[in-house]
Every structure is written in structure tokens, then in C-alpha cells.
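These are my notebook entries on a single chain, set down in the order in which I looked things up. The structure is shown first, and the entries follow.

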Amino acid sequence: MVLHVDNFPAHDDIPTLTSADTTSIQEFLETNIKETKAENIRIIEWRPSLNFYKTKYVSLLSQVADFIKRMDAGTRTAAAFGKKWVRNFFRNIPLINRSILYRQSDLQVIITGSGPGLENALPTIKKAQSSSLIIASSSSVAALSANNIKPDFIIATDGGSWALKHIYPCLRNKKDDMYFALSLCAALPSQMSGCAFLLINDGSFWQNVILHELSLASVLIPQKGTVTATAVELALMLSGGNIYLAGLDFSVNDIRSHVKPYAFDSILFDGANRLLPVYSQYFMRSGAIKDGKSMDIYASWFRTQILSWPKRIFSITGTSVFKEGKPILNGNEKTLCQYFNLANAKEDPSLCQKRALNALLNALNNNEYSQNIKQEFSSLLFNGEENVCADKIKKAILEIAHE
């Protein structure tokens, strides 16, 4: 593919992006680079362009490099979690007793992450909660609950079993209907069968096959690597109002990486002793996060992505991405029933698991769909191995689905 800083004529039969295109660089790359390992990508520069275009050229090159870093992180995550994602997907299907249907509102939206900056925004959120749609990452719910703030949606996409520590307290404190926006690939406890779900479909072919077979409503949000980015995309779908972010720091504050209270703090306190006090553990964890550079990758992606999003996304307090905060305007009291309805499952959810598996295996045996299925499951289950046969994939799917 070819990327031009200026409005250069398009190349025949080669994906090309020029300055005249409205598609963002990240969207262009995501569309045209799929199922490719980062180590197989090479950037070929035309160095004289640097002397002529200067900062524009550097910006383009930087965005391409950031995309490759993020894609590499995503590939490594898929290799580590692919089997868990598929296993979780089939385990979670029987939990879907109620689905959430929506129409877009005009409410202002508050999105909460679990960064330490959330603490400074809590008083503002508390005042504005009656007139705002609050979408909370599951890791931020403990801090919200401690300040008597009830989120309208709790969003969960993490496939690791440790993510359950964030969700269990949500269920223990449940007093009435609780709305969850989540991926079926997330780690979810069986106690969630009474909750209402707004399903997030990552756009993969195999998920589309199953959700279509089960007639389950979903919102299409490709994987972003961080739940807060998914939350922003969800907010853009649910509302046409302003969106305010809190706790999306993408940085470590001294030795603090998360808001307090935080579900994982109990692990550090339980493991503390004379030779390994809690603050030493905080210091080591913050150092590991800084060395891992994951926050830098997501912060860089957010800075770029914010340019392509509508100009109605702000931060309540300054962050590494938003240098300045913007005050929230208190509006009329919200009435969610105007915008959200619940639909009960039309059949026994326990039977849907078998139907989902059969639909996927039938698609794998269909010549029209098999290539897409094989490509996706080669990445998820076989670490990107090439030319994995259908029988091998079928065997792996059956083993995982019945675990």
C-alpha cells in the first residue's frame, strides 16, 4: 500500500491514501492490514520527502509506526488469550436471558476508567450523575460505589480470569437492574444470568455467524486493545451529546497506577509482609507498567484517534492525552426508559450454546465462508500458523467449547 503526504494521484490496484482522503491513517491501515504479523511489515520511505514536507512527513511516519506497535501488541495478546476468548464466548452464551435495545439519546455521557485521575473527577461526576449517562469500566465501579455513584452501563471486555475480581463486587452490591455492555469473549461469572446485556461484536466473521444464527442484537465495535477506547465508541453510538472522560490517564502517577479503591489492592495487602510492604509492591508494579510501554502505546493511539472522532469528546480533568479539562454542564434529569428497552430471550439460553457451535462448524464446512473462519482461528488458536486445515480447527473448537 502507499501513503502520500500530499494529494498524489492514486495507484491502480494498490490501496492508496492521500491528503485529499477523509479516511484517517489509522482507519486506512486497519482496513488494509489484516491477519499479518508485525515482523512481516516493512516501512519503505522516500527520504527526500522529509526535506520537503518536514513535520507532515514525520507525523505520517510516526502514525504508521504507532499502528505497527499497537498491532504487534494485539497479535501478542491474541496469541496469549485466543483460546480463552473462544472458551469464554461459548460459556457466556447461556447467560443471555435479557438483551438491551436502544435508540440514540441526546444525553451527555461520562466515561470512567480506573486511572488515579478519576479521584479528582469524582465530586464533579457525583453532581452530574442525575443528568448524565455514565458508562463505567468494570475496574472503576468500586471507586464509584464508594462515592455513591451508580453507573448506567458497566463495560467489560477483558478475557483474563482476574477481571472477575472487578465484576463480583458489582453483583454483590446489586440492588436493581444492572446494565452491562460487554463482549462475550470477556471473563464473566455465572451469576450474571439475571443481568441485562448490550452485546459488543468485534466484527470478526465467526462472531457474526453465531450472533446472526441466535438473532442476538449487538453493537459493532472492533477490538481496540483497551476497554476505555471501546467505551468511547459505544458512547458515540448511544448518544449525540458531549462525552466526558475521567480516569483515562494512560500514565502512572508516581507509584500509583490506579484509583482507590481498586479490586486488585486486596491482593497486594494480602501478600504484604515485613520484607515486602505494600508500597514496595506498588513501586514494582508501577515500574513494570512503565517498562511495558503499553500505556504509551494507547496514549499515542488516543491522541491520533481523537482527531477523527467528533469534536465533542472532552476530559473532566487534564490527562496525558488531554492537557486541559472541561467542566460538565448539568442538564435535565435523565429518563433512561425513553432510550433503552429490554428484550427477553425467545428460547432457552442453554440450548443456544449448541446452536452456536453447529452454526460455526457449518460455516467452517461451507466453501464460501471457510477461508475467513480458518484465517481468524489460525490467529486465535494457532498463533498465526499458516495453512491450518479445517479438520484441525474443528477439533480445537470442539475441545474448547466443551471444556
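Before reading any helix crossing, I noted that axes are lines fitted to C-alpha atoms, for helices over the stretch in contact, and that angles run from 0 to 180 degrees between N-to-C directions. I also noted that this is a predicted model.

**Entry 1. Helix 13 and helix 14**

I looked up how helix 13, residues 370-381, meets helix 14, residues 390-401. Their axes come within 11 Å and cross at roughly 55°. Angles of 65 to 115 degrees would count as roughly perpendicular and those under 35 degrees as roughly parallel; helix 13 is therefore oblique to helix 14. I recorded the crossing of the two helices as left-handed.

I then listed the residues that make the contact. Helix 13 contributes Lys374, Phe377, Ser378 and Leu381, while helix 14 contributes Ala390, Ile393, Ala396, Ile397 and Ile400. Sorted by class, this contact has seven nonpolar residues, one polar residue and one charged residue.

I then went through the pairing of strand 8.

- Strand 3, residues 98-102, pairs with strand 8 in the parallel sense over two bridges; Arg98 stands opposite Ala196.
- Strand 7 also pairs with strand 8 in the parallel sense, over four bridges; Phe180 stands opposite Phe197.
- Strand 9, residues 218-220, runs parallel to strand 8 and is joined to it by three bridges; Leu220 is the bridge partner of Asn201.

**Entry 2. Cys185**

Is Cys185 buried or exposed? Its relative accessible area is 6%, and buried means under 20%, so Cys185 is buried.

Leaving aside residues up to four places away in sequence, I found that Cys185 touches Trp85, Asn88, Phe89, Gly159, Trp206 and Gln207. I also checked Cys185 against Cys389: the two are 204 residues apart in sequence and 24 Å apart in space, C-alpha to C-alpha.

**Entry 3. Backbone exceptions**

I kept in mind that most residues other than glycine have a negative phi, and most peptide bonds are trans.

Which residues does a cis peptide bond join? I found one between Lys260 and Pro261, with omega about -5°. Pro261 is in the loop between strand 10 (243-246) and helix 9 (265-270).

Asn148 is not a glycine, yet has a positive phi of about 60°. I placed Asn148 in the loop between helix 5 (141-146) and strand 6 (153-156). With a relative accessible area of 60%, Asn148 is exposed.

Ser215, a residue other than glycine, likewise has a positive phi, near 55°. I found Ser215 in the loop between helix 7 (205-213) and strand 9. Ser215 is exposed, with a relative accessible area of 64%.

Key:
Residues numbered from 1 in each chain as written. Predicted model: local features only at pLDDT ≥ 70, side-chain atom pairs only at ≥ 80, totals over all residues. Heavy atoms only, no water. Parallel < 35°, antiparallel > 145°, perpendicular 65-115°, else oblique. Left-handed = near helix turned anticlockwise from the far one by under 90°. Contact = heavy atoms within 4.5 Å. Nonpolar A, V, L, I, M, F, W, Y, C, P; charged D, E, K, R; others polar. Buried < 20%, exposed > 50% of the residue type's maximum accessible area, 1.4 Å probe, protein only. Pairing = 2+ DSSP bridges.
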